[in-house]
Amino acid sequence: MRFDPITKEVYTNNGEFIKKMHCPYKIKWDNLEATSATSRKCSNCDHLIIDTEYMSDDELLHLVTQNRDTCLKLDLNQQNLQIISNGIFEQK
Amino acid sequence: MEYLNKNKNMDNIRIVKTARDKKSINEAAQQGFLPLIKKVVPSSEIRSKYAVIQNKKTGEIEVIGDYRIFFELEGNPDLVTVIDWTEYYPHNFASPFAAYLIPKDIQIGERVFIEDLIEDFVGATWNQGGTFRLESCDAIWNGKDLEIQYNPQIDFSKFVG
């Protein structure tokens with residue numbers, strides 16, 4: 001999985017777009033209610049937020065394709081994440 | 001509770017918008033807001049890195065920002081590093097000034113939520129050394145200025161969205 005912290009866009013390692021991270025409530029993971037080892041619930045919008053740390057690109061893509069509103073949590077330091085910062089290089 | 005208030009608008013406090021050019025600042029003033037003008041000053045603490053790899057045969061380039069991607073590409077004999085790892089400031093604001101749009105009825109001591117911070121604060125850190133700017137934060141109006149309620153002790157590596 002690849003993530004651009006400037007544009008907040010998430011891609012697979014093959015460059016396929018997954019989603020743009022955006023939370024209007026600016027929620028922090030540590031403040032969410034734990035529902036399982038890999039998900040937490042947001043009391044503002046009743047969404048489950050899925051921890052992507054142990055997910056493959058295929059699993060993640062499938063999940064988001066099933067529901068485009070799926071909320072994700074990712075940590076810049078997780079092992080399955082590579083950082084790209086190409087947003088600025090594509091600005092006109 | 002103080003911790004819960006950081007960097008989000010859970011308490012439905014008033015949102016302060018930001019205008020980032022002369023036209024939108026003047027439009028807001030005409031609508032009754034008090035534009036609180038600030039310089040846009042890039043902080044030396046906000047740093048990203050990049051390297052540019054070029055394919056010798058095609059001339060095409062790839063811009064990378066993560067050492068691990070670099071290692072994956074390293075085995076390809078057609079690729080050459082044309083710009084080695086270089087740090088840079090990863091934002092490009094069009095205007096060198098911006099303004100917080102203060103509502104006329106704001107009260108001294110009122111806590112507000114700034115959606116688009118003008119000032120640079122470190123919002124996320126990465127174990128490869130990169131730091132990214134904080135987008136939003138609470139602030140308190142002191143009658144003349146907004147006092148940003150930034151807490152650098154919070155773990156800023158996680159993104160939710």
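**View 1. Strands β11(B) and β12(B) are joined by 3 bridges and run antiparallel.** Strand β12 covers residues 146–148 of chain B. In this pairing, Trp141(B) has Leu146(B) of β12(B) as its bridge partner. Two strands count as paired if DSSP finds at least two bridges between them. Strands (E, at least two residues) and helices (H or I, at least four residues) are DSSP runs, numbered from the N terminus. The hairpin of β11(B) and β12(B) has 4 residues between the strands, and Gly143(B) takes a positive phi near 105° there. The model is predicted: local features need pLDDT of at least 70 and side-chain atom pairs count only at pLDDT 80 or more, while totals for chains, interfaces and linings use all residues. Residues are numbered from 1 along each chain as its sequence is written, and chains are lettered from A and ligands numbered from 1 in the order in which they are written.

**View 2. Strand β11(B) also pairs with β8(B), in the antiparallel sense.** The pairing of β8 (residues 111–114) of chain B with β11(B) extends over 4 bridges. Ala139(B) in β11(B) stands opposite Val112(B). Strand β11 of chain B (residues 137–141) is largely enclosed by the rest of the structure, because 4 of its 5 residues are buried. A residue is buried if 20 or more other C-beta atoms lie within 10 Å of its own, with C-beta atoms placed from the backbone.

**View 3. Chain B is divided into domain 1 and domain 2.** Domain 1 consists of 3–46 + 89–148, and domain 2 of 48–88. These bounds come from an automatic or database domain assignment. The C-alpha centres of the two domains of chain B are 35 Å apart. Their contact takes 4 residues from domain 1 of chain B and 5 residues from domain 2 of chain B. Residues are in contact if their C-beta atoms, placed from the backbone, lie within 7 Å. On the side of domain 1 of chain B that touches domain 2 of chain B, 2 residues are nonpolar, 2 are polar and none is charged. Here Ala, Val, Leu, Ile, Met, Phe, Trp, Tyr, Cys and Pro count as nonpolar, Asp, Glu, Lys and Arg as charged, and the others, Gly among them, as polar.

**View 4. Chain B touches chain A through 25 residues, in contact with 28 residues of chain A.** On the side of chain B, β4 (48–55), α2 (67–73) and β13 (158–160) are the elements that give two or more residues. The largest share, 3 residues, comes from β13(B). This side of chain B divides into 11 nonpolar, 10 polar and 4 charged residues. Strand β7 (residues 71–75) of chain A is joined to β13(B) by 3 bridges, and the two run antiparallel. Leu74(A) has Phe159(B) as its bridge partner in β13(B).

**View 5. An open sheet of 4 strands in chain A has the order β3-β2-β1-β8 and mixed pairing.** The edge strands, each pairing on one side only, are β3 (17–20) and β8 (82–83) of chain A. Strands β1 (residues 2–4) and β2 (residues 9–11) of chain A run antiparallel and are joined by 3 bridges. Phe3(A) has Val10(A) as its bridge partner in β2(A). Chain A comes to 1 helix and 8 strands, in the order β-β-β-β-β-β-α-β-β from the N terminus on. Buried residues make up 28% of its 92 residues.

Conventions: Two residues are in contact if their C-beta atoms, placed from the backbone, lie within 7 Å. A residue is buried if 20 or more other C-beta atoms lie within 10 Å of its own, exposed if 12 or fewer, and partly exposed in between; C-beta atoms are placed from the backbone.
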